[in-house]
Amino acid sequence: MECKNCHTNLRTDFSYCPDCGAKVIRNRLTVKNLWYDATERFFNIDNTFLITFKHLFTKPDEVIGGYINGVRKKYLNPTSYFTIAITLGGGYLLMYILSFSQML
């Protein structure tokens with residue numbers, strides 16, 4: 001088996017590449033795997049999106065200062081957070097416009 005990122009030979013019992021640290025993915029890309037990854041990312045116990053969302057409203061100075069100082073695993077990165085927030089906001093706006101247009 002070979003690492004897809006740095007092309008280092010890997011043992012079959014490795015979960016991560018010892019050279020570049022990339023996660024070894026053994027599953028094929030299917031709808032079932034994508035659904036599992038999405039639900040695991042957004043509904044697990046240590047959900048970084050919900051923690052980031054909550055802490056941005058309760059203690060934003062800790063979130064921003066921590067991220068600048070190197071706290072990266074505790075909070076969702078700003079690009080992903082912004083993308084999710086824009087998507088949710090756009091969905092809400094679309095539902096509002098559709099419900100308003102039905103009233104007319």
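Here is a quick briefing on the structure above, from its overall build down to a handful of residues.

What you're looking at is a predicted model.

**Overall build**

- If you follow the C-alpha trace along its principal axes, the protein spans about 65 × 35 × 25 Å.
- Of the 104 residues in the protein, 15% are buried.
- Take the contacts with a separation of 6 or more: 25% of them are between residues 24 or more positions apart.

**Surface and charge**

**The segment before H1**

- Helix H1 covers residues 31-43, and histidine 7 sits in the segment before it.
- Histidine 7 has a phi near 60°, which is a positive value in a residue other than glycine. For background, most residues other than glycine have a negative phi.
- Histidine 7 counts as exposed because its relative accessible area is 52%, and the cut-off for that label is over 50%.
- Tyrosine 16 is in the segment before H1 as well. With 48% relative accessibility, tyrosine 16 is classed as partly exposed.
- Setting aside residues up to four places away in sequence, tyrosine 16 touches Gly21, Ala22, Lys23 and Val24.
- Tyrosine 16 and cysteine 3 are 13 residues apart along the chain, and their C-alpha atoms are separated by 8.9 Å.

**The largest nonpolar core**

- Which residues make up the largest nonpolar core? There are 5 residues in all: Cys3, Leu10, Cys17, Ala22 and Val24.
- Cysteine 3 is one of that core's members. Leaving aside neighbours within four places in sequence, cysteine 3 is in contact with Thr8, Leu10, Cys17, Cys20 and Ala22.
- Ala22 and Val24, both named in the core, are also among the residues that tyrosine 16 touches.

**Around H2 and H3**

- Lysine 59 is found in the loop between helix H2, residues 48-58, and helix H3, residues 60-68.
- Is lysine 59 buried, exposed or partly exposed? Lysine 59 comes out as partly exposed, because its relative accessibility is 29%.
- The C-alpha atoms of lysine 59 and phenylalanine 82 are separated by 18 Å, and the two residues are 23 residues apart along the chain.
- Valine 63 is located in helix H3. Valine 63 is buried, since its relative accessible area is 7% and the label applies under 20%.
- Not counting residues up to four places away in sequence, valine 63 touches His55, Leu56 and Tyr75.
- Valine 63 lies 12 residues along the chain from isoleucine 51, with 9.8 Å between their C-alpha atoms.

**Between H3 and H4**

- Leucine 76 is placed in the loop between H3 and helix H4, the helix of residues 78-103.
- Where does that leave leucine 76, buried or exposed? Leucine 76 is buried, because its relative accessible area is 14%.
- Leucine 76 touches Thr48, Phe49, Thr52, Tyr81 and Ile84, once residues up to four places away in sequence are left out.
- Leucine 76 and leucine 50 are 26 residues apart in sequence, while their C-alpha atoms are 8.9 Å apart in space.

Technical notes:
Residues numbered from 1 in each chain as written. Predicted model: local features only at pLDDT ≥ 70, side-chain atom pairs only at ≥ 80, totals over all residues. Heavy atoms only, no water. Buried < 20%, exposed > 50% of the residue type's maximum accessible area, 1.4 Å probe, protein only. Contact = heavy atoms within 4.5 Å. Core = buried A, V, L, I, M, F, W, Y, C linked by side-chain atoms within 4.5 Å. Helix = DSSP H or I, 4+ residues; strand = E, 2+ residues; numbered from the N terminus.
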